Structures are given as structure tokens and as C-alpha cells.
Amino acid sequence: MAFPTVRHRRLRRSAALRSMVRETAISADDFIMPIFVTYGEGVKTEISSMPGVYNFSLDTMKAEVDEIVDLGIKAVILFGIPETKDSVGTGAYAQDGIVQQATRQIKAWYPDLLVVADTCLCEFTDHGHCGMVHTFERDGHIHGDVLNDESLGLLVRTAVSQAEAGADIIAPSNMMDGYVQAIREGLDAAGYDQIPIMAYSVKYASAFYGPFREAADSAPQFGDRKTYQMDPANALEAIREAESDVLEGADMLMVKPAMAYMDIIRTIKNEFDLPLVAYNVSGEYAMVKAAAGNGWINEKGIVMELLTGLKRAGADIIITYHSKDAARWIREDRN
């Protein structure tokens, strides 16, 4: 039917009408808030490239968790900065590791708050890679190979130690081949068959991770991560990666980063029927904060539009540093 019978603007005439026919809605239930924890006392250090995001010591973390819970956010994801690092990332799977300690504290304070444990070695290794490495010198420069199969055992140990500490969800971000199967078997053998795996299934070798590497002190000391993280130019490969994780027992899938990969989010959502997570990463957050800080954009409008776009693209869950702000804005608008 043609104009004037069909008038699309009829359903846009008022805020109430627009709200009633809105196709995509977001709420605090959709968000996971990242928390960076470190050793020491009285530490609350703002990350220079991520305004509003801090490194917390265990004794200052409580106020942050209180605020998250008060805003109605149901989950946090923990990233740890260890006291010391070594070549095999011992701090990642130590019983008294920083993530394990933080998990126990949070679960003691708020048993119903979901704790997602990032399961990787990069923050804990002195070389900054996500697995064990074989290094060698050539032409006066240090080179290295990240060892896939040799790394799996350490990742399993990390996952089991996180589950023992009380983590509700294991989120392995290492991109080693076979990591989901290895971790699933390890968790099951240790009696944690009910703990789900949130697989970083489609993780690109992205320039958007820069601020995170400052926050977690996890930049590679040689080379890069392009031999195990995905080429940003590839889309079909994302389906193969996600399919492997599904077959190996993943309970949730993830696409990371988010903003430049909405097509990938939609593709994975169409292909698989598992819950899908989008990680709105540090560089994406930093760009919005920088533009807002200079008065170039309306921060609330931009953030809510971006998060709505991720949900519309197919994300069921969004890991985002905007979680607290977005939850606060949603509450204010509702009231």
C-alpha cells in the first residue's frame, strides 16, 4: 500500500507510542561490569586511558561492588594484576591468587552476584602472552612461539582454581585451540560439572585492546597475538571458531570487540542458539569518554545508542565498562 494510506510516522508521534512499539530494550540485567583487582592496601588508581575505571586492592573493592549491586547489575568479570609474574603465569592458578581472593570476598559479601572469572595467563606471565612460550634469539632479537597444547594444562588448572574459589562462570579468553574441551573435562573431573563456560569464541587481534593492556599490565613483551587471535578481516572463520567451541561444550559464546564487529555478532547469533555475549572493550570505551570529555558528543545518548545497537545486533549479554553509567541512566529514565 502506498502513501498516504501507509504513514510510518503515526507510531512515532509521542514518547509513549515510541516506547510501546520499541523493538529492542536494554536493562541492567544485560550488563557485566569488569573489575580490575590488584595487591596492596588502599589502592584505588584510575586508569588514565579509561576515565571512571580503577585498579582496586581487595580492601577498596567493597565500595565498587556495593555500587554495582545497588544499580541492579547482576554480574561482574574479574581481571587480576598479580604481585609477581613468571614465565608460566603461576599467579593465575594459585589458590591465593588475586582473582581467587577477590572471588571469595565478593561471594561472601553478595552470594547472589554472579562472578565471572577471566581464565587466561597473559596478565600473569612475564612475557605477556596468553600461554606458554618457547623463546629464541635470532639476529639479535628475541622471538617466541606460543605453545598451544602445552598451555592447555595451565588453563585447566586456572579454571579449576577459580571454580574452587567460588566463580559462577569460567570465561577463557586465551584463544588456544581445544581450550573449551580441555577446561570442560578439567572442571567435570574436579566436580564442577555445573559451572558454565563463557567461551571467548570469536576474539580478534584488535587495536581496540590498548587501554586494557595498560590497566592489566598485559602487553606482550615480544611479537603480537596474531598467531592465536583472529584476523579482523575474516568473517567465515568466526563461524568455524564458534562451531568448535559449541562442539567442545561451551555454554555461551562471545564476540570481542563489539562495535566494529556487529556483523559478526549477527552472524553468530543466526548460526547458533547459545546465549551470545558482546564485549564492548576498553578502546571503544576510551574513545567515547575522550569525545565526551571534550564536549564533542552527548555521552548518555551515544552510550545508550551503542549498547542498544549491540543488543539489536544479537547480543544477549554485554560486557561493558559503561555498565554503571548505563544502569544509572536506565533507572533515572524509568523513574
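This is a predicted model: local features need pLDDT of at least 70, side-chain atom pairs count only at pLDDT 80 or more; totals for chains, interfaces and linings use all residues.
## What handedness means here

A crossing of two helices is called right-handed if the near helix is turned clockwise from the far one by less than a right angle, and left-handed if the turn is anticlockwise.

## Helix 5 and helix 6

Let's start with helix 5, which covers residues 148-165, and helix 6, which covers residues 179-189. Their axes come within 9 Å and cross at roughly 45°. Angles between 35 and 65 degrees count as oblique, so helix 5 and helix 6 are oblique to each other. The crossing of this pair is right-handed.

Who does the touching? On the helix 5 side you'll find L152, L155, V156, A159, V160 and A163. Helix 6 brings Y179, A182, I183, G186 and L187 to the contact. Sort these residues by class and you get ten nonpolar and one polar, with no charged residues.

## Helix 10 and helix 11

Now move along to helix 10 (residues 282-293) and helix 11 (residues 299-313). Here the axes come within 10 Å, and the crossing angle is roughly 160°. Anything over 145 degrees counts as roughly antiparallel, so helix 10 is roughly antiparallel to helix 11. The crossing of helix 10 and helix 11 is right-handed.

From helix 10, the contact uses V288, K289 and A292. Helix 11 answers with E299, I302, V303 and L306. By class, that contact has five nonpolar and two charged residues, and no polar ones.

How values were computed:
Residues are numbered from 1 along each chain as its sequence is written. Side-chain values use heavy atoms; hydrogens and water are left out. Axes are lines fitted to C-alpha atoms, for helices over the stretch in contact, and angles run from 0 to 180 degrees between N-to-C directions. Helices (H or I, at least four residues) and strands (E, at least two) are DSSP runs, numbered from the N terminus. Angles under 35 degrees count as roughly parallel, over 145 as roughly antiparallel, 65 to 115 as roughly perpendicular and the rest as oblique. Contact means heavy atoms within 4.5 Å. Ala, Val, Leu, Ile, Met, Phe, Trp, Tyr, Cys and Pro count as nonpolar, Asp, Glu, Lys and Arg as charged, and the others, Gly among them, as polar.
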